[in-house]
Amino acid sequence: MPRYDFRCRSCGATFELRRPMAQANDPAVCPQGHPDTVKLLSTVAVTGSAGGAPQQAPGGGGGGCCGGGCCG
């Protein structure tokens, strides 16, 4: 289940809630009971492959900054 970060406008507390995606934009109440909260923009980092093993770049690059051989 996804986690969503919220901040209370009344007391400034930052907290997270786990809820289904269908409820992502539903109002949230802070742990101190204040109803005036705002959902924070979260960043998500997705790495690796579906199997969990890191993928290797195809060989034959040639080096340089982009691996394409154009930079020497």
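Analyst: With strand pairing. Two strands pair if DSSP finds at least two bridges between them. Keep in mind that this model is predicted. Here Tyr4 stands opposite Leu17 in β2.

User: Which strands pair in the antiparallel sense over five bridges?

Analyst: Strand β1, residues 3-8, and strand β2, residues 14-18. Their hairpin has five residues between the strands.

User: Which residue in that hairpin takes a positive phi?

Analyst: Gly12, with phi near 85 degrees.

User: How many bridges join β1 to β3?

Analyst: Three, and these two strands also run antiparallel. Look at Cys8 for an example: its bridge partner in β3 is Thr37.

User: Now the whole fold. How many helices and strands are there?

Analyst: The protein has zero helices and three strands. Along the sequence the pattern reads β-β-β.

User: What order do the strands take in the sheet?

Analyst: Sheet order is read across the strands. Here it is β2-β1-β3, in an open sheet with antiparallel pairing. The edges are β2 and β3 (37-39). Each has a single partner strand, so one side of each lacks a neighbour in the sheet. On average, neighbouring strands are turned by 35 degrees against each other, direction ignored.

User: Next, aromatic rings. How do I judge a pair?

Analyst: Check the centres, then the planes. Ring centres must lie within 6.5 Å, and planes under 30 degrees apart count as stacked. By this rule there is one aromatic pair. The rings of Phe6 and Phe15 have centres 5.7 Å apart and planes at 20 degrees, so the pair is stacked.

User: What share of the protein's residues count as buried?

Analyst: Of the 72 residues, 12%. The accessible surface comes to about 5,600 Å². Carbon and sulfur atoms hold 52% of that surface.

User: And contacts: what percentage join residues at least 24 apart?

Analyst: Take the contacts between residues at least 6 apart in sequence. Of these, 27% join residues at least 24 apart.

User: Can you recap the pairing?

Analyst: β1 pairs with β2 over five bridges. Three bridges join β1 to β3. The sheet order is β2-β1-β3.

Conventions
Residues numbered from 1 in each chain as written. Predicted model: local features only at pLDDT ≥ 70, side-chain atom pairs only at ≥ 80, totals over all residues. Heavy atoms only, no water. Phe/Tyr/Trp six-rings, centres within 6.5 Å; stacked < 30°, edge-to-face > 60°. Helix = DSSP H or I, 4+ residues; strand = E, 2+ residues; numbered from the N terminus. Buried < 20%, exposed > 50% of the residue type's maximum accessible area, 1.4 Å probe, protein only. Contact = heavy atoms within 4.5 Å. Areas by Shrake-Rupley, 256 points an atom, 1.4 Å probe, with all protein chains shown as cover. Axes fitted to C-alpha atoms, helices over the stretch in contact; angles between N-to-C directions.
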